[in-house]
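Trainee: I have just opened this entry and would like to learn how to read it. Could you walk me through a few features?

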Amino acid sequence: MKPMFGRGPSLQLRLLLAVVASVSLIFLDSKLDLFSPYRVFLNSLVSPLQYMANAPSQLFDTVAGKVISREQLQAKNQELEQQVFLIRSDLLQMENLKEENNRLRQLLGSPVRQDARKMVAEIMEVDSDPFTHQVVIDKGSLNGVFEGQPVVNDQGVVGQVLRVGSTTSRVLLITDNSHGIPVRFQRNDIRALANGTGDLERLDIPFIPHSTDIKEGDMLVTSGLGGRFPEGYPIAVIDRFEYDEGMPYARVDAKPVVSLDRIRYLLLLWPSESPDPVVTPEPAVSPEPDNAPAKSEVTNG
């Protein structure tokens, strides 16, 4: 008697086919980048679900903000007024320093730096994978976000945009194992590279000779090399500098200035348009008479 339902391939064969298909898709995506358009489409497709998942948190924050007592609001308002007063006093000096810096750059024939465009974004989701440090923000290609865009906050550098959807984007934090950023020591302008370690509290600074002038407490800022991060944004502070006899390089660790486990609002940066370089006029040369003897060229042997 013929069975009503035929038996399909064995479980081992199905597993083998699934593994082969998965490895093939991973290879095609990583090496040939064939699925980038589909990835953008999928990110856009799941963005409504991300907004729905984030809705309870936003509702809770809204309700919590409305039940704050009058006394707490007054105390908070007074604290914010004091902070604004201090910030304004600092801005007075910064404007003077900015104008002085611009004048010096003009004298040296160096282009004057322009302020970059910024946009505030809010974190909607934190990646649950313990081996990667990524977050999802509520801005996407419709807002002009692009892959590789630098992301900061009011303390320093946070990371860069990894993938972009229409209304959401995924940000790779500077502490992720796959992230590296060119840095500069603010005290002495030594340039290096800061790599993520998978630990939210630590960055690794490799290939530093033990004789390098580095101290604990030195500030690391973006160097501007690579053309991705603007120059001068704080990144981390050196908290470990050790050298083992016989090792070619010292062990240098740094702690990010941003509390990456407590971030909520971020700033997206756009590159500023490069101004026209300052052209220094050449000195005028008085014309020589037609009957003047020709000048001979002297070549050093």
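**Reading the contacts, strands and surface**

Mentor: Gladly! Let us begin with salt bridges: the count here comes to 13, where a salt bridge is a side-chain nitrogen of Lys or Arg within 4 Å of a carboxyl oxygen of Asp or Glu. Before going on, note that this is a predicted model, in which local features need pLDDT of at least 70, side-chain atom pairs count only at pLDDT 80 or more, and totals for chains, interfaces and linings use all residues. Residues are numbered from 1 along each chain as its sequence is written, and side-chain values use heavy atoms, with hydrogens and water left out.

Trainee: Which residue meets Glu 122 in a salt bridge?

Mentor: Arg 264 does, with 3.3 Å from N to O. This pair links distant parts of the chain, 142 residues apart: Arg 264 lies in the loop between β11 (251–256) and β12 (265–269), and Glu 122 in strand β1 (residues 118–126). Strands here are DSSP runs of E with at least two residues, helices are runs of H or I with at least four, and both are numbered from the N terminus.

Trainee: Is Glu 122 buried or exposed?

Mentor: Glu 122 counts as buried because its relative accessibility is 14%, and buried means under 20% relative accessible area, exposed over 50%, and partly exposed in between (1.4 Å probe, protein chains only).

Trainee: What does Asp 253 form with Arg 202?

Mentor: Those two form a salt bridge, with the closest N and O atoms 3.4 Å apart. Asp 253 sits in strand β11 and Arg 202 in the loop between β7 (191–196) and β8 (203–204), 51 residues apart. Asp 253 is buried, with a relative accessible area of 2%, while Arg 202 is partly exposed at 26%. Asp 253 also meets Arg 251 in a salt bridge of 3.4 Å, N to O. Salt bridges that share partners join Arg 202, Arg 240, Glu 242, Arg 251 and Asp 253 into one network.

Trainee: How do I read the strands?

Mentor: Two strands pair if DSSP finds at least two bridges between them. Strand β6 (residues 180–185) pairs with β7 in the antiparallel sense over five bridges, and the two form a hairpin with five residues between them. In that turn, Asp 189 has a positive phi of about 65 degrees. β6 also pairs with strand β9 (residues 219–222), antiparallel over three bridges.

Trainee: How many strands make the closed barrel?

Mentor: Six: the barrel runs β6-β7-β8-β11-β10-β9, with antiparallel pairing. Within that order, two bridges join β8 to β11, and the bridge partner of Leu 203 in β11 is Ala 254.

Trainee: What makes up the nonpolar surface patch?

Mentor: Phe 41, Leu 42, Leu 45, Val 46, Leu 49 and Met 52 make a patch of about 620 Å². Patches are made of residues with over 30% relative accessible area and no salt bridge, with nonpolar side chains (Val, Leu, Ile, Met, Phe, Trp, Tyr) joined within 5 Å and like charges within 9 Å. Accessible areas come from the Shrake-Rupley method with a 1.4 Å probe, and for residues only the protein chains shown count as cover. Leu 49 lies in helix α2 (residues 36–66) and is exposed, with a relative accessible area of 56%.
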